[in-house]
Amino acid sequence: MWWLSLYRSTIGKKVIMAVTGLVMAGFLVLHMAGNLQAFDGPARINGYSAFLHGTGELLWLVRVVLLVAVALHIDAAIQLTRIARAARPQDYAERRVQVSTIASRSLRWGGVVLAVFIVFHILHMTTGTVHPSFTPGDVYHNLVAGFRVWPVAVFYLVAMAALGLHLYHGVWSSARTLGIVHPNPQPLHRPVAVVVAVVVAAGFALIPIAVLAGWLR
Ligand code: HEM
């Protein structure tokens with residue numbers, strides 16, 4: 001079967017990483033924009049959350065798509081790392097960076113930080129298991145009370161920095177894998193990747209920053 005041999009090939013795994021990564025990036029743009037409604041007050045963001053939860057099957061469809069995307073993305077990442085290590089079992093005596101960026105070199109570790117973040121985030125903001133005073137339906141309260149615990153807010157900010165780097169290299173790399181853009185060694189000549197990474201990471205980071213600064217209370 002053609003799809004099985006594609007899945008087994010290195011380029012097939014890269015295509016899986018690219019497509020699942022872009023699906024998740026699309027979700028993140030919408031999620032970040034939705035969160036910014038917190039600046040409009042509790043009624044606005046709580047109303048938005050009630051609307052999302054009221055969509056029933058649609059909410060579950062999005063959850064299943066994201067879960068499958070995350071699982072395939074992590075599985076392909078582990079397999080590609082194994083293939084790369086097997087091809088170069090002995091490390092270089094000296095590494096001299098040429099065209100790589102911090103974003104590309106931190107991709108694997110950044111991915112691990114994000115995986116830990118997602119588990120914590122769901123236990124924090126969705127199930128409330130690790131939240132000091134989780135109130136179902138009151139997203140505004142959950143955000144403010146959750147980020148008043150400053151080590152948690154700092155953890156979110158570190159994770160958003162990792163997310164920015166991951167998105168910057170990931171969006172660019174996906175576009176290369178899928179043949180949408182041409183190679184360009186200049187890191188800043190990747191405008192779409194830069195804009196997506198900066199807007200998403202900064203947009204998300206605004207909420208914990210606003211709580212720490214007392215703008216959201
Ligand atoms: C500062 C950054 C973030 C904040 C303040 C935030 C806030 C929230 C809140 C309040 C909810 C619950 C919404 C509701 O129940 O109506 C939520 C759900 C969710 N967040 Fe985030 N989020 C952030 C970053 C992220 C990131 C970076 C990811 C993914 C990498 C993510 C993935 C999710 C997912 C998948 C859900 C839905 C869980 C479910 O209901 O099944 N979030 N987020």
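A crossing of two helices is left-handed if the near helix is turned anticlockwise from the far one by less than a right angle, and right-handed if clockwise. Helix 7 passes helix 9 in a right-handed crossing. The contact (C-beta atoms, placed from the backbone, within 7 Å) involves these residues:

| Helix | Residues in the contact |
|---|---|
| helix 7 | Leu143, Val144, Phe147 |
| helix 9 | Ile207, Pro208, Val211, Leu212 |

The residues of this contact comprise seven nonpolar, no polar and no charged. Ala, Val, Leu, Ile, Met, Phe, Trp, Tyr, Cys and Pro count as nonpolar, Asp, Glu, Lys and Arg as charged, and the others, Gly among them, as polar.

The model is predicted: local features need pLDDT of at least 70, side-chain atom pairs count only at pLDDT 80 or more, and totals for chains, interfaces and linings use all residues. Residues are numbered from 1 along each chain as its sequence is written.

Helices are DSSP runs (H or I, at least four residues), numbered from the N terminus.

Valine 116 and valine 195 lie 79 residues apart in sequence and 25 Å apart in space, C-alpha to C-alpha.

Conventions. Helix = DSSP H or I, 4+ residues; strand = E, 2+ residues; numbered from the N terminus. Contact = placed C-beta atoms within 7 Å.
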